[in-house]
Amino acid sequence: MADTLRRLTNTSSFSVLQDKLESWHKDYHVISCDQNLNRCCELIELTAKIQGQLFAILNLTAAEGGHYAGVDTLKTRLLPWLGTCFSMARPTVSEDTSLQLIQDSVEKDRKIRELSASHENDMQKLETQLCSTQLQLESVRAELLDAQKDLDETKSKSATNLLATEDEIFQLKADLRSAQEQVEIYKRKLETLDDYERQIRLLRDEVSYLNTEKVMLQERLVRSRSPSPLSRHSRSSSPGRSESPTRAQLTNSSRHARLVSRFSDLYVVERLNAQALLRRYIPDLEMVQRIIFIAVVESFKTAKLAYRQFRLRVRKTLSTSHFGPESLEDAAVDYIVRNLDLYDVQASINDAISAMNVNPRISFPPEVDFVLISSLIRETCKVAFTMQTLDPPLDLAFASDGELYNDIKYRRSYDSEFTAPLVMYHVWPALMEKNTVIVKGEAVTRSGALWSRSRSRSRSISPVRSRSLSPTHSLAFNSRRSLSPGRLRASHL
């Protein structure tokens with residue numbers, strides 16, 4: 001309704017009607033009769049449009065008021081005005097028609113009163129329901145406030161518990177750090193204790209050896225002061241091997257245990273490091289394990305050969321100046337045990353790498369060299385060289401691909417077929433003392449090992465290669481020559 005009224009106000013229809021009336025009044029005596037009639041019709045049409053808009057506004061206003069609002073106004077003003085208009089249009093109305101109109105008006109008034117009364121009753125009921133709903137809403141709000149208070153209390157308690165838990169966690173972390181520090185301290189003390197015990201064992205060996213030498217010297221001194229035919233006879237008939245033990249014989253058991261432990265460390269530490277280095281260039285795990293196994297075997301071979309050569313040179317050097325109760329062989333072994341640092345390990349490394357380069361069972365990318373695992377080869381050569389000084393010496397068990405699996409010498413790898421009877425390839429060799437297994441090796445067993453072996457041989461996995469050493473390797477190789485007999489001086493003995 002407001003929009004319709006605003007549009008009627010903006011159009012200024014009554015101002016236009018007033019202007020047209022004034023213009024018609026001025027020109028009434030000038031223009032013709034037809035023109036006057038046209039202007040009169042135009043004003044009537046404009047007046048009818050304005051009345052139509054006013055009746056539309058009346059209708060909208062009554063609709064906004066509802067069923068009962070504005071009834072009195074319509075009865076007192078609109079209906080009488082309409083009746084007057086109709087009476088003016090029709091001056092002759094019968095009495096029956098007037099009576100019927102009065103009855104209709106009375107009936108409509110009665111219906112309006114009834115509707116008004118029912119409307120008031122409905123309004124009272126709605127107000128009652130509204131009050132009850134408001135009361136319920138107030139109670140719900142009160143319950144909501146209580147629940148909010150309980151929630152706030154629970155949150156505060158949870159926050160307190162969380163802070164307490166965090167404090168406990170921090171305290172536990174601090175206790176854990178202190179415990180770890182104490183563990184580290186105890187570990188260092190334990191390592192120091194192990195070093196002390198090792199030094200004590202070495203000192204005991206030295207003391208026992210010195211005591212033995214002291215007794216020997218005293219006996220020799222006594223025999224030299226009081227010579228007799230019996231003593232000369234016993235001296236001439238004494239066997240070649242001395243009854244008094246040498247340093248190598250005294251420390252044989254301790255060196256045996258230390259070397260066996262070191263061989264196990266090679267499997268656990270150096271082997272895994274070499275495997276990690278090789279896996280950067282060779283994706284095949286089987287080939288990597290084959291390379292490591294062959295490297296260990298070749299290192300033992302070259303170390304044993306170097307030990308035999310070194311022992312021959314020592315015997316040759318000591319033969320001209322040797323005297324004493326021990327045999328020449330025992331003296332040579334004792335000298336080697338005392339001077340293990342004279343072993344030319346670099347020559348053995350070069351020999352082992354050369355043997356690996358011509359081994360047809362392994363292959364290697366051409367852009368790298370077996371020098372990559374020289375750390376493993378070096379430590380293995382040292383261990384193998386020292387093992388030859390034991391009595392009896394330790395050595396690796398013979399191994400070949402396709403052999404019958406022996407549970408005494410080897411254990412199966414995690415990826416083996418545990419029902420296969422033949423060895424596909426070896427991961428680590430077994431350590432032997434004569435015919436007794438000291439440390440088990442590791443092997444991979446697969447079905448069809450012989451067929452795989454023959455196929456690998458027919459394919460010739462890696463041709464015989466000759467790798468030329470780089471200038472740096474050549475210089476290192478030439479600068480570390482084997483110790484010649486002339487370099488062994490009396491000061492070394």
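User: What makes helix H9 oblique to helix H11?

Analyst: In this predicted model, the axes of H9 (residues 285–318) and H11 (residues 345–357) come within 9 Å and cross at roughly 135°. An angle over 145 degrees would count as roughly antiparallel and one from 65 to 115 as roughly perpendicular, while the rest, apart from angles under 35, are oblique. The crossing angle therefore makes H9 oblique to H11, and the crossing itself is right-handed.

User: Which residues of H9 and H11 meet, and how do they divide into nonpolar, polar and charged?

Analyst: From H9 come Ile291, Ile294, Ala295, Glu298, Ser299, Thr302, Ala303 and Ala306, and they meet Ser348, Asp351, Ala352, Ala355 and Met356 of H11. The residues of this contact divide into eight nonpolar, three polar and two charged.

User: Why are H2 and H3 called roughly antiparallel?

Analyst: The axes of H2 (residues 13–27) and H3 (residues 33–64) cross at roughly 165° and come within 11 Å. Angles over 145 degrees count as roughly antiparallel, and H2 and H3 are therefore described in that way. H2 passes H3 in a left-handed crossing. Among the residues making the contact are Phe14, Leu17 and Trp24 of H2 and Leu43, Leu46 and Ile50 of H3, and the contact as a whole divides into ten nonpolar, four polar and four charged residues.

User: What makes S1 and S5 edge strands?

Analyst: The open sheet has three strands in the order S1-S4-S5, with antiparallel pairing. Strand S1 (395–396) and strand S5 (436–439) each have a single partner strand, so one side of each is left without a neighbour in the sheet. Helix H8 (residues 252–279) lies across S1, S4 and S5, and runs at about 65° to S5.

User: How do you know that S1 and S4 pair?

Analyst: Two strands pair if at least two bridges are found between them, and S1 and S4 (residues 431–433) are joined in the antiparallel sense over two bridges. As for individual partners, Leu396 has Leu431 in S4 as its bridge partner.

User: Why does the contact of Glu114 with Arg110 count as a salt bridge?

Analyst: The cut-off is 4 Å between a side-chain nitrogen of Lys or Arg and a carboxyl oxygen of Asp or Glu. For Glu114 and Arg110 the closest N and O atoms are 2.7 Å apart, so the pair forms a salt bridge. Both residues lie in helix H5 (residues 95–225), four residues apart, about one turn of the helix. The structure holds 14 salt bridges.

How values were computed: Residues are numbered from 1 along each chain as its sequence is written. This is a predicted model: local features need pLDDT of at least 70, side-chain atom pairs count only at pLDDT 80 or more; totals for chains, interfaces and linings use all residues. Side-chain values use heavy atoms; hydrogens and water are left out. Axes are lines fitted to C-alpha atoms, for helices over the stretch in contact, and angles run from 0 to 180 degrees between N-to-C directions. A crossing is left-handed if the near helix is turned anticlockwise from the far one by less than a right angle, and right-handed if clockwise. Contact means heavy atoms within 4.5 Å. Ala, Val, Leu, Ile, Met, Phe, Trp, Tyr, Cys and Pro count as nonpolar, Asp, Glu, Lys and Arg as charged, and the others, Gly among them, as polar.
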